[in-house]
Amino acid sequence: VILSPQHPLSAGLTSDSRLVRAYRGERADATPVWFMRQAGRSLPEYRDLRVGTRMLDACLDPAMASEITLQPVRRHRVDAGIFFSDIVVPLKLVGVDVEIQPGRGPVFGRAYADAAGVAELTAIDPARLDEASAPITEAVARTVAELNTTDNGSGTPTPLIGFAGAPFTLAAYLTEGGPSKDHLAARTLMHADPGAWRALMDWTAELTGRFLRTQVLAGASAAQLFDSWAGAISLADYETHVAPASAAALAHVHDLAYETADASGGADAAPTTRSVPVVHFGVGTGELLGAMHGIGVDTVGVDYRIPLDVAAARVGEGVPLQGNLDPALLAAPWPVLEAAVRDVLRRGQAAPAHVFNLGHGVPPETDPTVLTRVVELVHGASA
Ligand code: 1CP
């Protein structure tokens, strides 16, 4: 499926942005940089806007979600916006009883830890999501409309990254009924009742895949699958019980493509068809990086526990990497932070292309002026 001519990738607005070029393995004039959780509580303008609005209500208010997405782009001049939403939004949209509790995270009305629970959940048709997705489509469209007309100093409009939770990470919350440290309920179900586990993973893959597709169709220029908690399982369990569902989720975006004029080309050169870039990230997934790349993604996101040059050797040649400054360093004295940023950039040279990011999300107590300074350093150091 070729994206519409108005899509920022098809229109040539973001197809040669630093971010999209890096995701296809090319180095640009400067290393692109964005931060996981760049929107949110580290920004006073976010805290002001959110007063009196619950998290999931903010996600489903197109004007608010769009404004929150744009805040860090304007402030830090990062090379990407990441859509302000949450991995549980598609569950909420099909009627699952879930809320996001401040300081805690997603909490469900019940746990879906056994075959009966899974049967109740999977009785919901994931296709219903498409009818409920109007607030997502509208929020993305509004965001992209502003990004397309804003000059962030990079020479192209800033691309928007759409995202979704991977089936395992969503299943970790669903089986537990809320956040947990060890994801024991999910790890138990996959072995205690592999049939129920598969049904849960298949259903979740379709739901979250549709959520991701909606964002790309509405204007996102890249897609990131967050398997935040996949680091809790072994490589063998990942390959048997998790990877197929993640691949199934991504199948919902793999057919989306855009056409660009051939770079070498005269006016009559045949256009090149490229698929929308896909990134895959998890926390503590050093042992899984090769398998996480193997489900069919362009770029692998790396957390802060292994250096990028080691990660490059694990994923194999030719794979762009994203990451991986330890977020804790954001609160260190500037000379310490600066040296760490330069070290990440240096090790990132081991990959064909590198998108600078943190090894996980921005801590809420981060001084936002430090983030802006890191962006300037990354752009300046690599120019
Ligand atoms: O009111 C608030 O500030 C609530 C905090 C908050 C925010 C700002 C939550 C609750 N989610 C979000 C937004 C969010 N969630 C984004 C926004 C875009 C950006 O990065 O700027 C994204 C990408 C997510 C995705 C998400 N939600 C993930 C995957 C990424 C990651 O951090 O690993 C996960 C695991 C969640 C679940 C979740 N939602 C919120 C919290 C606190 C958590 C984690 C809870 C836990 O520790 O289990």
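**Entry 1: Valine 216**

I began at valine 216, which lies in helix α11 (residues 194-218). Helices here are DSSP runs of H or I with at least four residues, strands are runs of E with at least two, and both are numbered from the N terminus. I noted that this is a predicted model, in which local features need pLDDT of at least 70, side-chain atom pairs count only at pLDDT 80 or more, and totals for chains, interfaces and linings use all residues. Residues are numbered from 1 along each chain as its sequence is written.

Is valine 216 buried or exposed? I found 23 other C-beta atoms within 10 Å, so valine 216 is buried. The cut-offs are 20 or more other C-beta atoms within 10 Å for buried, 12 or fewer for exposed, and in between for partly exposed, with C-beta atoms placed from the backbone.

I then listed the contacts of valine 216, leaving aside neighbours within four places in sequence: Gly162, Ala223, Val253, Leu256 and Val276. Contact means that two C-beta atoms, placed from the backbone, lie within 7 Å. I also checked glycine 318, 102 residues from valine 216 along the chain; their C-alpha atoms are separated by 25 Å.

**Entry 2: The sheet**

I traced an open sheet of 7 strands with parallel pairing, in the order β1-β4-β5-β8-β9-β10-β11. Each of β1 (81-82) and β11 (354-358) has a single partner strand and stands at an edge, so one side of each is left without a neighbour in the sheet. Two strands pair if DSSP finds at least two bridges between them. Strands of a sheet pair through backbone hydrogen bonds, either parallel or antiparallel.

I walked in from β1. It runs parallel to β4, joined by 2 bridges. Isoleucine 82 has isoleucine 161 in β4 as its bridge partner. Next, β4 (residues 160-165) pairs with β5 in the parallel sense over 5 bridges. I picked out two partners there: glycine 162 with alanine 223 of β5, and alanine 164 with leucine 225 of β5.

On the other pairing, β5 and β8 (residues 278-281) run parallel over 4 bridges. Alanine 223 stands opposite valine 278 in β8. Phenylalanine 226 has phenylalanine 281 in β8 as its bridge partner.

How many residues of β5 (residues 222-226) are buried? I counted 5 of 5. In β4, 6 of 6 residues are buried. Leu160, Gly162 and Ala164 point one way from β4, while Ile161, Phe163 and Gly165 point the other way.

**Entry 3: The core**

I looked up the largest nonpolar core, which has 115 residues. A nonpolar core is a set of buried Ala, Val, Leu, Ile, Met, Phe, Trp, Tyr and Cys residues joined through C-beta atoms within 7 Å. Which residues touch the most other members? They are Ala220, Ala222, Ala223 and Ala230. The largest share of this core, 11 residues, comes from α11.

I followed up alanine 220. Not counting residues up to four places away in sequence, alanine 220 touches Phe83, Val140, Leu160, Ile161, Gly162 and Gln215.

**Entry 4: The ligand shell**

I found 21 residues around the ligand, with Ala39, Gly40, Gly105, Pro179 and Ser228 the closest. A residue counts as near if its C-beta atom, placed from the backbone, lies within 6 Å. The shell has 12 nonpolar, 6 polar and 3 charged residues. Ala, Val, Leu, Ile, Met, Phe, Trp, Tyr, Cys and Pro count as nonpolar, Asp, Glu, Lys and Arg as charged, and the others, Gly among them, as polar.

**Entry 5: Backbone notes**

I noted a cis peptide bond between glycine 323 and asparagine 324, with omega about -10°. Asparagine 324 is in strand β10 (residues 321-325).

Arginine 37 has a positive phi, near 60°. It sits in the loop between α1 (18-23) and α2 (44-50). Arginine 77 has a positive phi too, near 55°, in the loop between α4 (62-76) and β1.

**Entry 6: The whole chain**

Of the 383 residues, 49% count as buried.
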